[in-house]
Amino acid sequence: MNLIKKLSFLVLTIILISCQEKPKESKVVDSDITSSKPNVILIVTDDQGYGDIGVHGNSIIKTPNLDKFAGESLELTNFHVGTTCTPTRAGIMTGRNANRNNAWHTIAGCSILQEDEETMAEVFVRNGYQTAMFGKWHLGDNKPFRPQDRGFQEALYNGGGGVGQTPDYWGNDYFDDTYFRNGTPEKFKGYCTDVWFDEAIQYIEGQKEKPFFMYLATNAAHGPFNVPKEYMDMYKKDTLNESQKRFYGMITNIDDNFGKLTSYLEKSGLSENTIIIFTTDNGTANGINYNKVTKQTLGYNAGLKGTKGSHYDGGHRVPFFIRWPKGKVLKKSKINELVAHVDLLPTLTELVGIEYQSKKTLDGISVVSLLEGKTKTIGDRMLVVDTQRKQWPEKGRNPCVMSTRWRLVNGNELYDFVNDPGQKIDLSSKHPDEVVKMQNFYDTWWESIQSDIKYAQIPVGGEDKDPVRLTIHDLHTEENLPWHEGQIRKGEFHPEGYYTIRVEESGNYQFNLRRYPEESGLSIDQDIESIASTPYKDGQPVGKGLQVSKAIVNIGNLNLKTDVDINATSAILSGHLEKGEYKLSCTFVNTEGKKFSAYYTSIEKL
């Protein structure tokens with residue numbers, strides 16, 4: 001009898017254990033339900049134009065993985081972005097033209113996305129998505145403008161507009177660099193593009209049970225065209241100049257990494273329900289080059305007029321491919337209707353089933369019905385792209401008004417995109433009504449953005465006690481700025497200007513004015529030995545002393561001055577500030593009396 005009781009107890013125990021294990025099985029089911037929403041990977045490369053890919057007829061460039069992806073995807077052949085880096089990124093993140101949100105330039109305090117703008121990442125994370133970004137941000141380097149402040153739960157990025165630029169970690173040169181993980185510097189081994197993709201794959205491995213939105217924005221193929229030597233050597237026999245060989249090599253490296261990512265998604269079973277978008281941020285920077293001496297054109301631009309920075313199509317018409325095997329997006333298709341970067345936010349939210357209503361005026365629209373083949377045309381739609389690149393947006397400065405068929409450039413040149421994509425024949429005299437119609441649209445649109453134009457203010461003090469570092473990259477000035485480290489080392493450009501800041505809390509503040517950033521450990525007037533260059537990696541120039549003698553801080557009614565010890569790393573000044581909005585000038589004076597802004601300034605509440 002005791003034996004029977006023992007056996008019964010054993011059986012009962014096994015049954016109970018078995019019952020306890022069942023929730024683990026249901027957890028997998030729950031995970032499947034959660035992951036039924038598609039993942040989204042948005043890849044944006046830098047300075048890669050429409051012609052910088054094999055599938056668009058470039059017989060020199062090697063992009064087999066992107067070519068294969070293009071053949072499997074829906075391609076938008078009439079897709080447009082801004083003409084330079086920041087305007088495109090701001091439009092992608094907000095669905096709004098860059099002139100509306102302080103992102104109309106790439107430097108000079110006009111590449112900081114206003115803090116009251118809602119980003120794509122914030123929309124996704126609010127609706128249950130995990131969010132991450134890797135690579136180039138270029139929408140602000142201070143709180144609350146950094147990617148981790150704008151909805152990205154995981155962010156690994158370089159400073160400023162690219163590796164080696166003024167706000168970036170000192171000494172970065174594309175190889176074995178220090179990047180910012182959620183704001184904290186972290187040293188990495190390897191080439192920058194390899195790091196971004198490797199980190200992206202590692203992130204995905206930890207997110208398989210939840211849908212994720214990933215923004216993967218490479219700094220390549222932006223200059224200075226540093227690239228692993230083996231990639232440059234792939235083009236050593238091609239008829240290109242040396243910098244083009246490096247540029248093409250950077251794009252082939254991107255292609256290899258893209259292939260590695262898509263292969264990983266296939267092997268891990270994530271490919272079917274992942275929306276992948278590949279696009280770029282503006283026209284080519286170096287894909288085509290005209291040699292004035294030999295009068296020879298090197299490279300390829302798909303017959304387009306203009307390159308990066310141009311308001312002709314070569315400056316803003318870029319590759320765009322979207323693939324979602326499990327979804328209803330068309331496959332192996334091409335659409336030539338006008339679509340733009342500002343459409344991505346309203347389109348992606350509708351695609352994944354997120355209810356989205358912007359609190360501000362959008363320039364973009366959802367084009368889901370077009371992507372799914374439910375409609376064949378976008379209708380009588382127009383959009384504006386321009387190139388401001390100055391302190392304040394100016395009406396009529398480099399405008400291009402676009403419809404699916406037409407381009408009105410500079411208000412008086414009219415081109416038929418469908419029949420003349422190279423914009424060779426001005427048809428304004430033959431279609432005056434179209435000119436008037438498009439110019440009227442521009443005038444109305446310009447009037448609509450006026451109330452949005454304002455500078456972003458960098459907050460100082462308040463609850464966050466960390467020092468705030470300002471770099472001359474964000475100085476408001478019309479003069480030439482030292483926007484990358486090479487110019488800082490050389491002591492090139494000595495502008496005067498100001499920062500727009502907001503003091504959050506009254507009190508005493510300390511200002512540290514520097515020639516070099518704090519992490520460099522260099523003194524204010526220290527010379528630096530050069531780093532030898534190689535055929536595939538630019539050397540850093542010798543640092544030149546600036547003969548600094550005095551430091552001055554002007555903010556509101558406060559005027560601070562001190563003599564400078566050139567052997568110190570910074571000039572230190574302090575004073576009392578009241579809460580409020582200010583223009584801040586941080587100035588060095590050299591031994592000849594020349595005034596110029598300090599390259600780096602840190603501010604701390606005492």
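**Exercise 1.** Leaving aside its neighbours within four places in sequence, which residues is K328 in contact with? Describe the setting of K328 in this predicted model.

*Solution.* 
Step 1. Once neighbours within four places in sequence are set aside, the contacts of K328 are with L371 and E372.
Step 2. In terms of secondary structure, K328 lies in the loop between β12 and β13 (333–335).
Step 3. The relative accessibility of K328 is 60%. Exposed means over 50%, and K328 therefore counts as exposed.
Step 4. A further spatial relation involves L351, which is 23 residues from K328 along the chain; the C-alpha atoms of the two are separated by 9.0 Å.

**Exercise 2.** Determine how many cavities of 30 Å³ or more there are, and characterise the lining of the largest cavity.

*Solution.* 
Step 1. The count is 3 cavities of 30 Å³ or more. The largest cavity holds about 60 Å³ of space.
Step 2. The lining of the largest cavity consists of L76, I277, F320, I322, V339, A340, D343, L344, T347, L348, V367 and L371.
Step 3. Two or more lining residues come from each of β12 (320–323), β14 (339–340) and α8 (344–352). The element that gives the most is α8, with 3 residues.
Step 4. Sorted by class, the lining comprises 10 nonpolar, 1 polar and 1 charged residues.

Key. Residues are numbered from 1 along each chain as its sequence is written. This is a predicted model: local features need pLDDT of at least 70, side-chain atom pairs count only at pLDDT 80 or more; totals for chains, interfaces and linings use all residues. Side-chain values use heavy atoms; hydrogens and water are left out. On a 1 Å grid over the protein atoms alone, a cavity is a set of points where a 1.4 Å probe fits but cannot get out, and a pocket is an open set with protein on both sides within 12 Å along at least five of seven lines; lining residues have an atom within 4 Å of a point. Grid points are joined across faces, edges and corners, and a volume is the space filled by probe spheres set on the points. Helices (H or I, at least four residues) and strands (E, at least two) are DSSP runs, numbered from the N terminus. Ala, Val, Leu, Ile, Met, Phe, Trp, Tyr, Cys and Pro count as nonpolar, Asp, Glu, Lys and Arg as charged, and the others, Gly among them, as polar. Buried means under 20% relative accessible area, exposed over 50%, partly exposed in between (1.4 Å probe, protein chains only). Contact means heavy atoms within 4.5 Å.
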